[in-house]
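Here are some comments on the structure for you to read alongside the model. Please keep the view open while you work through the points.

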Amino acid sequence: MTTLIERRAIGASIDRLDGPQKVTGTARYAYEHHFDNPRYLFPVQSDVARGWVTRIDASAAVALPGVVGVLTHENAPRLADTSDRELAVLQDGWVAFRGQYVAAVVAETLEIASYAASLVRVSYDEEPHDVELRADRDNLYAPAQVNAGYPTDTEQGDFDLAFSSAAVKLDETYGTPMEHNNPMEPHTTVALWEAGDLKLYESTQGPNWAAETIAQVIGLDPGRVRIVSPYVGGGFGSKTLHANTILAALAAQAVPGSPVKFALTRQQMFSGVGYRTPTIQRIRLGADADGRLTATSHNVIAQTAKTKEFAEQAAVPTRTMYSTQSRRTTHRLAALDVPVPSWMRAPGEAPGMFALESAMDEMAIKCGLDPVGFRIRNEPEIDASTGLPYSSRNLVACLREGARRFGWGGRDPRPRARQQDRWHIGTGVAASTFPVIRLPGSKARITYVGDSRYVVEIAATDIGTGAWTALTQIAADALGCGADQIDLRIGDTALPEASVAGGSSGITSWGSAIFEAARVFRTRNGHSPSEGDQAEAATPDNPEGGKYAMYAFGACFAEARVDADTGEVRIPRMTGVFAAGKIINPKAARSQIIGGMTMGLGMALHEESLVDARFGHVQNHDFASYHIPASADTGQFDIAWIQEDDTHVNPMGSKGVGEIGIVGTAAAIANAVYHATGIRVRDLPITPAKLLR
Amino acid sequence: MKPFRYDRAADIAGAVATLAGEPDGMFLAGGTNLVDLMKLDVMTPDVLVDVRCLTSAEIEDLPDGGLRIGAAVTNSELAADRKIRSSYPVLSQAVLAGASGQLRNLATTGGNLLQRTRCVYFYDTTTPCNKREPGTGCSALEGCNKDHAIFGASRQCVATHPSDMAVAMTALDAVVRVQGPSGARAIPITELYRLPNQEPERDTTLDHAELITAVDLPPPGFSSNSRYRKARERASYAFALVSVAAAVQVRDGVVRDVRIALGGVAHKPWRAVKAEEALRGWPAAEESFRAAAEAELEGAAPLRDNAYKVPLAANLMTRTLLDLSGQR
């Protein structure tokens with residue numbers, strides 16, 4: 001058991017410390033770092049989905065005044081390590097997906113670079129491509145493991161027997177489409193080579209991880225790559241490391257001393273910087289006459305790229321959510337001629353829980369039970385995936401508190417029973433879960449600089465989450481001083497290394513390192529340190545790690561209004577109640593949850609990357625045709641927390657709030673749409689076309 | 001983006017004369033659509049002749065009781081105009097249903113009429129598109145076509161016209177005034193637009209260097225009893241799945257006269273002539289409205305992904321007419 005920090009700054013709704021810089025435009029994002037005479041990169045993308053580049057005619061581009069050079073696979077610097085095919089940009093003429101970089105123009109202005117890129121003529125020896133994910137493919141395969149190291153398949157008890165003899169059965173298939181992360185700030189790199197050192201101003205979620213990978217790929221001593229990323233305009237999982245950054249680094253190598261700027265256009269965001277794989281998910285549930293689950297099966301089919309495997313872990317949440325006598329989960333992949341799928345907010349949980357929580361709603365109806373009560377009835381005592389007790393699990397409290405706040409009680413379960421003017425009205429609920437992840441590889445350094453001030457350094461990055469503020473609060477409580485005595489420095493690999501901002505792990509991983517450094521600092525220097533006193537510590541392993549299963553839980557309630565004439569869906573209100581440990585900064589956490597739930601609303605109603613199989617790339621690659629919800633699409637958000645004193649997760653008692661907001665939202669909305677209309681849409685997004693009868 | 005020249009003229013005649021000598025040039029007004037398309041190399045004019053300050057930015061009374069909307073009147077100003085709002089509410093509603101506040105502040109009346117389609121293949125220079133590159137083929141015909149036409153399409157093009165404003169103007173029988181190298185002329189808006197047929201690269205019947213100078217609205221009549229209804233995939237900034245602009249005159253429970261135009265269903269704002277004919281003289285009741293809508297939709301030819309537009313258009317027409325005749 002861990003002793004939690006005495007909380008003073010933690011738990012306070014401190015305004016975002018970086019807010020003034022952001023609203024006044026003085027917070028510098030990657031592209032905004034100023035240089036004299038930078039060069040600009042504009043890529044040439046393949047317009048075939050598979051084949052060999054046979055010829056590149058860059059003569060017209062090179063002849064254009066202001067063009068510095070055109071990089072192709074014939075003249076690009078060689079990379080030291082091309083084992084990660086996604087990052088092996090311009091190393092040979094092979095085209096693995098449509099939209100791949102096949103050349104890049106470097107020029108004195110962005111306008112010249114983009115015009116010159118349009119003049120580069122590329123010839124291909126095109127091969128037939130294969131980009132369609134279907135359940136009936138005969139070449140689906142089982143990966144060795146799925147993301148985050150989870151086993152591909154699990155089997156608990158005799159599912160077949162239990163399902164065949166179940167009193168109530170459900171067997172349905174759910175689908176989620178390809179979705180693209182699309183942070184507001186596009187992927188951006190400013191690369192500068194000086195005296196053999198590579199410096200990158202980079203829009204990244206993981207400065208250290210990116211720097212180490214770049215060093216390895218390019219063949220540099222890791223100490224010679226530095227990444228600066230104090231402010232990042234969103235990532236949602238897509239700002240790990242993709243070929244765009246390597247391309248900028250290669251181009252900068254060709255013009256040493258000159259910084260090369262490369263920001264993707266919105267259209268370019270739809271190829272090569274990650275996306276959520278489409279999924280096809282078969283769920284089978286069996287229950288006894290009392291509505292207790294006896295059989296649970298979740299079979300996931302997703303896609304990956306032929307060049308690199310990415311196995312979305314969509315069935316993983318089903319391994320822990322509910323009590324069931326038997327359980328089977330499987331993942332199968334189709335390897336296609338497509339860009340590599342990647343992380344997108346709550347990878348695994350977001351698509352997987354759409355399927356499971358839609359099925360739970362359908363099953364509750366089949367059992368004649370209220371969807372809230374049905375879930376509570378199937379609450380497990382331990383985590384079946386590990387056999388461990390939960391460090392804390394408050395799903396039931398979330399469901400009950402959510403039901404109370406939302407006004408769920410007395411709900412008429414009949415579908416299509418409420419209408420106001422021309423709107424069908426319905427309500428729906430779904431549960432959420434996300435694991436507590438502690439990543440290794442973070443160190444924090446604390447220095448007393450006199451005048452009651454402490455400098456706290458860690459190469460963490462704030463991708464819009466509020467990390468600047470939350471880490472300051474943690475440091476203050478860890479040191480037992482005021483937040484205004486902390487000078488936090490993040491977003492630079494010159495600082496002590498930090499793990500990636502992903503998996504809702506930042507506060508747990510970085511905060512634990514800061515806590516440990518503060519403990520060492522106080523042990524060594526007491527409470528009256530001398531100027532220059534310093535301590536550094538790494539994120540310790542969690543001694544409780546093997547003893548407990550650690551997850552955050554939540555419940556999302558949604559009201560849907562569906563226009564009887566048009567099938568248009570509007571969501572006037574949602575309630576989200578979350579049990580996510582101690583909330584470091586309720587204001588920032590609320591923003592995180594609203595963002596997650598809004599993204600879940602987009603997943604439910606709007607987002608879908610349309611691939612034309614004849615061509616192989618995303619056709620609706622802009623915000624006029626790829627819709628995400630904006631202010632007019634969101635209604636009232638009621639966000640609440642179940643207070644938890646979890647002494648097992650980390651010294652802050654926090655579980656992470658970056659992802660759990662999106663997890664249950666799409667299913668809650670789909671369930672509400674069913675309740676409103678009697679139409680069960682099992683393939684997202686729920687568009688008017690699917691509701692018009 | 002391809003380099004281009006930028007030119008200005010002292011007056012309309014000068015602008016027309018300048019562009020007449022520039023076969024690959026274009027007029028520039030608000031630029032909210034054209035400049036985007038140039039950034040994507042979808043349109044590559046070699047010269048832009050700026051007409052933003054040349055045409056009228058005023059809405060004036062006409063002697064017959066109608067209104068003349070200067071081509072440079074912004075969408076925001078048009079939607080907010082008191083006379084438009086009271087006498088032609090369908091037009092104000094249509095303009096406000098389109099784009100965003102920022103775009104409406106910049107976009108002009110003339111430019112709005114000449115928006116290009118939002119077909120995803122038109123916007124993607126790596127795929128065939130007859131409208132962008134004549135003779136290359138229509139990718140949408142057997143591709144992603146959920147947003148495409150159900151009326152009047154050809155094998156060459158199944159795109160739709162994206163404007164909301166033009167749909168309302170079509171229902172209002174607006175007249176578009178243009179000035180060109182061979183003088184001025186007035187074109188009924190129903191004749192401004194054309195179906196794709198064998199020349200989908202041509203959206204309108206305008207000749208090169210003809211400049212829209214104004215749009216005339218006929219005297220109000222029953223257009224004060226009008227409404228625009230747009231079905232869209234989200235509440236904020238989205239192009240119409242289907243929209244309806246309608247005006248109806250009901251006396252003694254009978255439809256005396258009616259105007260209906262549909263958006264999002266064809267290469268041009270679609271005047272629902274068959275529905276109008278089916279309604280005149282019939283009771284203003286749900287059965288006649290639905291029958292009229294269905295009469296119109298008998299001619300629909302949906303594609304792979306857009307069959308939903310048929311019931312959607314029928315429902316929208318029926319509901320809008322019911323609302324306009326004071327029924328729910």
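**Notes on chains A and B**

1. Buried residues account for 61% of the 693 residues in chain A, and it should be kept in mind throughout that this is a predicted model. Of the contacts in chain A with a separation of 6 or more, 82% are between residues 24 or more positions apart.

2. A compact globule of 693 residues would have a radius of gyration near 26 Å, and because chain A has 26 Å, the two agree. The C-alpha trace of chain A spans about 75 × 70 × 50 Å along its principal axes, and its secondary structure comes to 15 helices and 24 strands.

3. In chain B, four strands form an open antiparallel sheet in the order 9-10-11-12. Its edge strands, each pairing on one side only, are strand 9 (226-231) and strand 12 (270-271) of chain B.

4. Within chain B, strand 10 (residues 242-251) and strand 11 (residues 254-263) run antiparallel and are joined by nine bridges, and B:Ser243 stands opposite B:Gly263 in strand 11 of chain B. Helix 5 (residues 89-96) of chain B packs on the sheet, where it touches strand 9 and strand 10 of chain B, and its direction makes about 25° with that of strand 9 of chain B.

Notes:
Residues numbered from 1 in each chain as written. Chains lettered and ligands numbered in written order. Predicted model: local features only at pLDDT ≥ 70, side-chain atom pairs only at ≥ 80, totals over all residues. Helix = DSSP H or I, 4+ residues; strand = E, 2+ residues; numbered from the N terminus. Rg over C-alpha atoms; globule rule 2.2 N^0.38 Å. Buried ≥ 20, exposed ≤ 12 C-beta atoms within 10 Å, placed from the backbone. Contact = placed C-beta atoms within 7 Å. Pairing = 2+ DSSP bridges. Axes fitted to C-alpha atoms, helices over the stretch in contact; angles between N-to-C directions.
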